[in-house]
Amino acid sequence: MAKSAFVAIAGRPSAGKSTLVNALCGGKVSIVSPVPQTTRNAVRGIVNRPEGQLVLLDTPGYHISDKRLNKKLKDVAVDAFADGDIVLYLIDASREPGAEEEALAEALKNAATRLVVAVNKLDARDADAARAKAFVAARFPDAQVLEISALEKTGLDELLKALFGRAPEGPAWYPEEYYTDQEPVFRIAEIIREKIMLHTREELPHAVYVSYEDSRKSEDGGLEAEYDLVVERDSQKGIVIGKGGAMIKLIREEAEAELAEIFDFPVRLRLQVRVDPDWRRDEKRLKDLIF
Ligand SMILES: Nc1nc2c(ncn2[C@@H]2O[C@H](COP(=O)(O)OP(=O)(O)OP(=O)(O)O)[C@@H](O)[C@H]2O)c(=O)[nH]1
Ligand SMILES: [Mg+2]
């Protein structure tokens, strides 16, 4: 009998959760950037193996703050921890644990019996696996702990073995050829947001959201899609547009190139910048954006 399980991925911002989900699912499921708090939703990736199917729930990095957006992101993560048959706790070996890691470990206490731990970034020059393992052992003495590099894709077979080892028997939820269940309009918006985060990381990474506006089929069977890049201030509009439109052109070209690898039809983007003041403090807007 095949196995199947929901696996919620827990970790601090930038621990490498999305990188790991992409590596395990064998495709781009979730966007990645060096900026903490890149992921904003519980993004589902699907792993299909002879043993069965795992549905991975990527989550926003666990971060404590009074800001409305951060609270919302934290709720998304905590809800996913409750939903997972298994919780995969990813800890970054290259960083000192500290207060944020402590708060996350506290939040994972309820999941202690469902926990698998992976120490990540073993490839990093400043990685200290022993430090991370000591932190985990003091709080979750019974948890199975693996060592991986999500970036270099090492230790992943052992990790999958551990996850399937804990997965209950059950039917697959998705067809075998799926590696994510996300709607194309959401995936496209996320790829655009990734390019914005990569190129504007100093100035405004968290001030932007990407809003789907419209789309139509083009004559060659492709998709023409309109998105608004929404910022909070007029001054940020200039940054996203860039000198003579250079930045928005770069964002569009990089996004289109990546979309060409994901979809088997061409996607052409029409991007516009719009200002929506204080959207991060607007409860209704956050409800629409973060689910
Ligand atoms: N050296 C090294 N870097 C890694 C590894 N895994 C992820 N990274 C890098 O860490 C940064 C953050 O990666 P993400 O996958 O976006 O991290 P995340 O946990 O999803 O972050 P949030 O969505 O913000 O919570 C990126 O620059 C990745 O390239 C790893 O195994 N080794
Ligand atoms: Mg992420």
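Contact means that heavy atoms lie within 4.5 Å of each other. The exercises below use a predicted model.

**Exercise 1.** Find which elements the buried residues of helix H6 pack against.

Solution. 
1. Locate the helix: H6 covers residues 184-199, 16 residues in total. From first C-alpha to last it reaches 23 Å, close to the 22 Å expected at 1.5 Å a residue.
2. Sort its residues by burial: 12 of the 16 are buried, so H6 is mostly covered, where buried means under 20% relative accessible area.
3. Name the buried residues: among them are Phe 186, Ile 188, Ile 192 and Met 197, and also Arg 187, Glu 190 and Lys 195.
4. List their partners: strands S2 (43-49), S7 (209-217), S8 (223-231) and S9 (267-275), together with helix H8 (246-262).

**Exercise 2.** Describe how helices H7 and H8 are placed relative to each other.

Solution. 
1. Two packed helices are described by the angle and the distance between their axes.
2. The axes of H7 (residues 234-241) and H8 come within 5 Å and cross at roughly 60 degrees.
3. The two helices are therefore oblique to each other.
4. On the H7 side the contact is made by Ile 239, Val 240 and Ile 241; on the H8 side, by Ala 246, Met 247, Ile 248 and Ile 251.
5. Classed by type, the contact residues are 7 nonpolar, no polar and no charged.

Conventions
Residues numbered from 1 in each chain as written. Chains lettered and ligands numbered in written order. Predicted model: local features only at pLDDT ≥ 70, side-chain atom pairs only at ≥ 80, totals over all residues. Heavy atoms only, no water. Helix = DSSP H or I, 4+ residues; strand = E, 2+ residues; numbered from the N terminus. Expected span 1.5 Å × (residues − 1). Buried < 20%, exposed > 50% of the residue type's maximum accessible area, 1.4 Å probe, protein only. Axes fitted to C-alpha atoms, helices over the stretch in contact; angles between N-to-C directions. Parallel < 35°, antiparallel > 145°, perpendicular 65-115°, else oblique. Nonpolar A, V, L, I, M, F, W, Y, C, P; charged D, E, K, R; others polar.
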